[in-house]
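Morning, everyone. Let me put the model up, and then I'll go through it quickly.

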Amino acid sequence: MNKLVEQTIYFFIWLWTILYFILINIIIGYLTIKGSEQLSLSLIFGDVGAFDALLIKKHVLDGLFPAIVGTILLVILTICFAIPVGIGAGIYLAEYADYHTKRVVNIFFDTLSAIPSIVIGLFGLSLIIFINKYLHTRIYTGLIISSLSLAVLVLPYIVRSTELALEGIPLSTRIAALSLGATKIQNILYVLLPKSLPGILSGVLLSVGRCASDVAVIMLTGAVANAGVPRSIFDNYEALPFFIFYISSEYRNNAELMNGYSASLILLIICIFLFIISTIMGKSISKLSLIR
Amino acid sequence: MRNILESITEKFFKLSALLSIGITLLIFIFMLILSLPLIKEGILSFFIMGWNPAKGNYGIGPMIVGSLIISTLAIFFAFPLSISCAAFMTIIKYTRITNIIKKIVLISVGIPPVIYGFIAIFTLVPFIRNLFNKGSGMSILSTSLVLALLISPTMILIFVDTFKSVKKSYILALDSLGCSPVQKLLYIIIPCAKDGIIAGLLLGMGRAIGDTLIALMLSGNAAHVPSSLLDSVRSLTAHIALVKSADVDSLQFKSIFLSGLVLYTFVTLIVCIVNIRLRKSISVNNVYE
């Protein structure tokens, strides 16, 4: 009786694993086949030539160029906001906090990393509402509010990776500079941080991947369907994953749908590429990826 | 001079940590303040009433039911999938195949949810529509299936971690007694890893409830309590995404902040349960907890 149960379970383990493998391969394969039909420069730049679009001499109306520029600008701004706060908090957790502080702060960071992304988008929206009510400037949805919200979304990744990287440095390296007379800050800045740079970088790459592919936050704080290249950080903008999202519900003909497939292929390649590089760089990355 | 610079840097580090904690609390406070007008009108009715803005009903009850249904069903589909993959990666001895599965799981963590939703709209939805011959295909069933696929990699990694943290001495003892891999799994690994499995399930459920795009694209977004698996349903997250363009002062708009509050509370509860009750199974350095 037991033998039969065991054989059945063995069979089911193989079955479900092969099923999962097949499903993921179907997704990636289908996207590659359908998406590579239309990959070409005219997909990105529309009717306008490449150099004119890059120098912003002419506006690209039906290509992916504004969306790609919007995503790149968003990622750069988010990283600028998130890195100082993230690395600072990570250094504090790894070097200065005692056990009980660490426990409490860890609960807060777990909550922050588990909050749904759309609630963080709501946070950005409520920031706009409160700024409009209590300060005397008028702010609307735009690039800067989006990147602030995305920085909040991405903060746990950077803090966790800095903390893990710093804690992974062996004791001998830690006390070497201190024994030569360096102060704690000099030790951190000149010895520990450079040594933990691969780990920190893997967290940064993971967060870049998350920024580039998140729709919920930017949907509420500034991404629109047709805005061209943003002229200032307070403008509305387009983004690649948002383009994919609205094409799926509002495509008018087959050509637009094929554009959507190609955009998905581009996004997939970027995200997987970033993820694989960050995995190679950081050792505990599979644990960090659980935050996703 | 050096001392001042050093103390400033130390203060900066402490400030960053405090800022991060502060933001977590601030999100809750903002949600609470902005949904206060709605709560003042009678808290219980908002969870029981239906959603019908034309008649003045601003209840998010159907949305809560929708969220819970699709997440529970997603966990139901994802649990066998992820535990089998985790068991495969731990106990099967053919290293070449196991390496391939490991790489596929790692790649699938990196796939953004938009892609899952986009592909499912054009493959799964027509399939379900033709299979059952009724409805539009955008239903609880299709949403839960794709959600299960989305949350599986997370759950697989948590389960693999818990399986691997079973004491080596137990595994060695079993090997010396001549156990087959499945016996190892059934009689020792799973009972020892019970806490970790529950933690994985809870975290998967938290992720399933919080996912916006798949519920928005695939569930049909009808704001009513569903009566069959093929009915279309609206989740809390999709509700937020749909109502965002209403007039800022209206009660309709405030309902999205109430939905955000409910989501935040639910996720915080899950995180607290996992952290406080199940702390023994997941050590500080291991997983994100």
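From the N terminus on, the elements of chain A run α-α-α-α-α-α-α-α-α-α-α-α-α-α. That comes to 14 helices and 0 strands. Helices (H or I, at least four residues) and strands (E, at least two) are DSSP runs, numbered from the N terminus.

Ground rules. This is a predicted model: local features need pLDDT of at least 70, side-chain atom pairs count only at pLDDT 80 or more, and totals for chains, interfaces and linings use all residues. Residues are numbered from 1 along each chain as its sequence is written, chains are lettered from A and ligands numbered from 1 in the order written, and side-chain values use heavy atoms, leaving out hydrogens and water.

Chain A has 292 residues, and 55% count as buried, meaning under 20% relative accessible area with a 1.4 Å probe, protein chains only.

Now the interface. 84 residues of chain A are in contact with 92 of chain B; contact means heavy atoms within 4.5 Å. Together the two chains bury about 8,200 Å², 81% of it on carbon and sulfur atoms. That area is the accessible area (1.4 Å probe) lost on being put together, summed over both. On chain A's side, helix α1 (residues 2–35) gives the largest share, 19 residues.

One helix to look at: α5 of chain A, residues 99–114. Its 16 residues should span 22 Å at 1.5 Å a residue, and its end C-alpha atoms are 22 Å apart, so the two agree. The expected span is 1.5 Å times one less than the number of residues. Its buried residues include A:V105, A:F109 and A:L112. Their cover includes α4 and α7 of chain A, plus α1 and α12 of chain B.

Notes. Buried means under 20% relative accessible area, exposed over 50%, partly exposed in between (1.4 Å probe, protein chains only).
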